[in-house]
Amino acid sequence: QTAEAISAAHAQGIIHRDIKPANIMRDTVGHIQVLDFGLAKLVSPPDDIPKGKHSTEDSTGLVFGTVSYMSPEQLRNERLDFRTDIYSFGVLMFELCTLKNPFSSQSQADTIASVLNHVIDFEILNTSPCSFFKPIIQKCLERDRSNRYASMDQLILEFGAVQHGVAQ
């Protein structure tokens with residue numbers, strides 16, 4: 001449901017830019033909600049929003065968000081696309097499966113260095129109850145965004161294939 005909610009935002013041309021556990025909630029009927037679009041960017045407006053009324057970069061050069069969930073390109077303040085949320089979703093999945101954020105360090109500077117340079121220990125996923133998601137998580141956490149899923153919809157299809165294979 002989280003992936004579907006992010007995909008729905010992407011379909012509206014919105015990059016969330018702050019996917020993390022604190023922004024994922026379950027409502028009273030059990031549906032997952034993605035919250036806090038305060039850092040979101042409109043990158044490709046739907047047809048009913050006039051062109052020229054959106055931006056893809058912060059003109060300040062400042063980086064906003066929770067660094068242990070940010071993509072390398074977000075930390076470098078590069079032009080972002082939807083794959084930045086896919087990376088953050090991968091961090092979220094890694095943490096859900098291992099109860100450990102792969103990048104958290106004692107200081108923000110160390111965490112940034114970890115996101116940019118740390119070799120992730122994906123082997124820890126082998127002993128996780130959700131080890132079957134390891135290839136998906138690895139692809140989400142590719143530092144080179146061209147090696148990640150091209151869209152959340154592509155990731156959702158992969159989820160379905162993995163879940164269907166596990167259920168058999």
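Two rings of Phe, Tyr or Trp count as a pair if their centres lie within 6.5 Å. With that in mind, welcome to this predicted model, in which ring pairs join Phe89, Phe132, Phe133 and Phe159 into a cluster.

First, the overall layout. The chain has 6 helices and 4 strands, and along the sequence they follow the pattern α-β-β-β-β-α-α-α-α-α. Of its 168 residues, 42% count as buried. Among contacts with a separation of 6 or more, 59% are between residues 24 or more positions apart.

Now back to the rings. The structure holds 5 aromatic pairs, and two of them are set out here.

| Pair | Centre to centre | Angle between planes | Arrangement |
|---|---|---|---|
| Tyr87 and Phe103 | 6.3 Å | 15° | stacked |
| Phe89 and Phe159 | 6.0 Å | 85° | edge-to-face |

Tyr87 lies in helix H3 and Phe103 in the loop between H3 and helix H4, so this pair ties together parts that are 16 residues apart in sequence. Tyr87 is buried at 0% relative accessibility, and Phe103 is buried with a relative accessible area of 0%. The other pair links distant parts of the chain, with Phe89 in helix H3 and Phe159 in helix H6, 70 residues apart. Both Phe89 and Phe159 are buried.

Arg148 is found in the loop between helix H5 and helix H6. Its relative accessible area is 4%, so Arg148 counts as buried.

Key. Residues are numbered from 1 along each chain as its sequence is written. This is a predicted model: local features need pLDDT of at least 70, side-chain atom pairs count only at pLDDT 80 or more; totals for chains, interfaces and linings use all residues. Side-chain values use heavy atoms; hydrogens and water are left out. Helices (H or I, at least four residues) and strands (E, at least two) are DSSP runs, numbered from the N terminus. Buried means under 20% relative accessible area, exposed over 50%, partly exposed in between (1.4 Å probe, protein chains only). Contact means heavy atoms within 4.5 Å. Rings of Phe, Tyr and Trp (its six-membered ring) pair if their centres lie within 6.5 Å; planes under 30 degrees apart count as stacked, over 60 as edge-to-face and the rest as tilted.
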